[in-house]
Amino acid sequence: VQGSTLAAVLITGPLTIPQMRRQGYREEYMGGLIAAAADAAQLMPPVMGVVAFVMADYLAIPYIKVCVAAFFPGFLYYLSLFISSHLWAMRKGIDLPSQEKERLPAFWRLAIQYWHCVAVFILLILLLASQATTIRLAVMISTGFLLAAGSVRKETRPTLAAMKEAVAVVTKNMVGIGPTCASAGVIIACIGMTSLDYKFSAELTEFAGQNMVLLLLVATVACMILGMGLPTLPAYIVVVLLVSPALQGLGLSPVVVHMFVFYMALAAMLTPPVCLNVYAVVSMVRAPMLKIALVAVVIGAARYVIPFLFVYRPGLLMVGSPEKILEDVSIALVIILAISFAQSRYGLVQATWFEIGAALFGAFLLFYPGGGSASFFFFGVLFLLLALIFQVYRFFRLRSSKIESFAGRGRSEG
């Protein structure tokens with residue numbers, strides 16, 4: 001929400017890494033997971049690193065439509081991170097000890113005590129979506145609500161010292177936004193005066209022709225290079241000016257094009273060699289930078305697939321009829337589950353390479369650009385079911401062997 005992937009790494013890392021280290025996670029896995037999750041923070045509404053507001057202005061659509069379009073892709077990425085990390089922990093036999101589980105506070109007690117911390121975001125989103133107030137007034141109303149709701153209970157009542165610290169932190173964060181916006185203005189002016197946007201798009205189109213797959217791949221590389229080392233907002237502005245005209249020439253929806261280049265520009269935060277998220281987390285874990293970066297790319301593999309998914313299945317961005325949206329979201333969900341299974345190499349039991357290959361090939365057939373025919377869909381589902389059947393068979397076989405072993409040990413002791 002604060003609009004910076006580096007800030008997300010520096011905030012969440014010290015809170016989560018010590019706990020993960022106590023549970024036995026590998027150092028490079030901890031770093032890679034934190035880096036990938038911080039990247040996800042910029043892809044999820046309502047803020048999206050301030051890009052949501054700028055994108056709404058570029059596309060001349062209401063802010064709420066940008067949030068609705070970005071929700072399912074962001075949700076799928078978070079879902080892939082959760083499932084892959086959970087299955088990886090199961091494969092490694094990692095679980096919270098019973099003593100630590102008992103010390104964890106009850107969820108509902110915390111939810112009731114700190115309800116206002118969630119309610120303030122809902123209020124802010126509703127105010128922004130209604131367009132009845134300006135952004136500044138919406139923030140002021142939400143802040144006033146947070147202070148008033150928190151003051152009701154003694155445990156959550158803000159003290160003068162806490163309010164001073166909050167003002168200081170907000171001021172420091174705002175210092176970085178001014179130069180960023182100014183730099184973005186300079187970049188826009190320079191690109192406009194030199195006609196670089198038209199020239200760059202023309203070069204991309206000439207290189208790839210009318211081949212959509214090739215143009216998307218070239219645009220992906222261009223977005224990653226142009227987004228290297230840039231904060232979220234300048235990275236988006238640069239790629240939307242230089243790369244998006246070439247993609248729009250293929251007849252893609254403007255919302256799809258803007259979301260595609262936005263996702264791929266932010267991929268530079270995770271992808272070597274200029275992977276700022278990894279550089280930020282490397283000081284917190286005891287592992288080489290390159291090893292962390294490679295793990296982060298594997299854990300975050302879904303964020304490279306999702307942009308191609310909503311190009312060929314725009315229902316993910318709420319574009320199209322309700323039936324098409326439901327179909328695209330359902331197929332995308334199956335593909336993400338298959339990717340998460342392959343990442344963690346675990347489902348019901350530890351996966352074999354055959355099961356991983358079958359799952360990935362089945363997901364590819366469901367996704368295959370230009371496939372769309374019943375045969376691709378049929379064989380995609382067939383390979384996914386094959387991987388699932390092998391997993392279920394091996395799970396029950398392993399379970400029965402454990403039962404027989406336990407029973408045999410009992411008879412020998414008797």
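These legends describe close-up views of helix packing, a nonpolar core and a loop glycine in a predicted model.

Residues are numbered from 1 along each chain as its sequence is written, and side-chain values use heavy atoms, leaving out hydrogens and water. In this predicted model, local features need pLDDT of at least 70, side-chain atom pairs count only at pLDDT 80 or more, and totals for chains, interfaces and linings use all residues.

**View 1. Helix H4 crosses helix H17.**
H4 spans residues 63-92 and H17 spans residues 302-312. Helices (H or I, at least four residues) and strands (E, at least two) are DSSP runs, numbered from the N terminus. The two axes come within 10 Å and cross at roughly 150°. Axes are lines fitted to C-alpha atoms, for helices over the stretch in contact, and angles run from 0 to 180 degrees between N-to-C directions. H4 is therefore roughly antiparallel to H17 (under 35 degrees is roughly parallel, over 145 roughly antiparallel, 65 to 115 roughly perpendicular, the rest oblique). H4 supplies Pro73, Leu76, Tyr77 and Ser80 to the contact. H17 supplies Ala302, Arg303, Ile306 and Phe310. Contact means heavy atoms within 4.5 Å. By class, six of these residues are nonpolar, one is polar and one is charged (nonpolar: Ala, Val, Leu, Ile, Met, Phe, Trp, Tyr, Cys and Pro; charged: Asp, Glu, Lys and Arg; polar: the others, Gly among them).

**View 2. H14 packs against H17.**
Their axes lie 9 Å apart, at an angle of about 170°. That makes H14 roughly antiparallel to H17. From H14, the contact includes Met259, Phe260 and Tyr263. From H17, Ile306, Pro307 and Phe310 are among the residues that take part. The contact has 12 nonpolar residues, no polar ones and one charged.

**View 3. The largest nonpolar core holds 112 residues.**
A nonpolar core is a set of buried Ala, Val, Leu, Ile, Met, Phe, Trp, Tyr and Cys residues joined through side-chain atoms within 4.5 Å. Tyr77, Val243, Leu247, Met259, Phe260, Phe262 and Phe310 touch the most other members. Helix H14, residues 254-266, gives the most to this core, with 11 residues. Beyond four places in sequence, Tyr77 touches residues including Leu43, Leu270 and Ile306.

**View 4. Glycine 315 sits in the loop between H17 and H18.**
Helix H18 covers 322-344. Glycine 315 counts as buried because its relative accessibility is 0% (buried is under 20% relative accessible area, exposed over 50%, partly exposed in between; 1.4 Å probe, protein chains only). The C-alpha atoms of glycine 315 and isoleucine 325 are 4.0 Å apart. Beyond four places in sequence, glycine 315 touches Lys324, Ile325, Asp328 and Val329.
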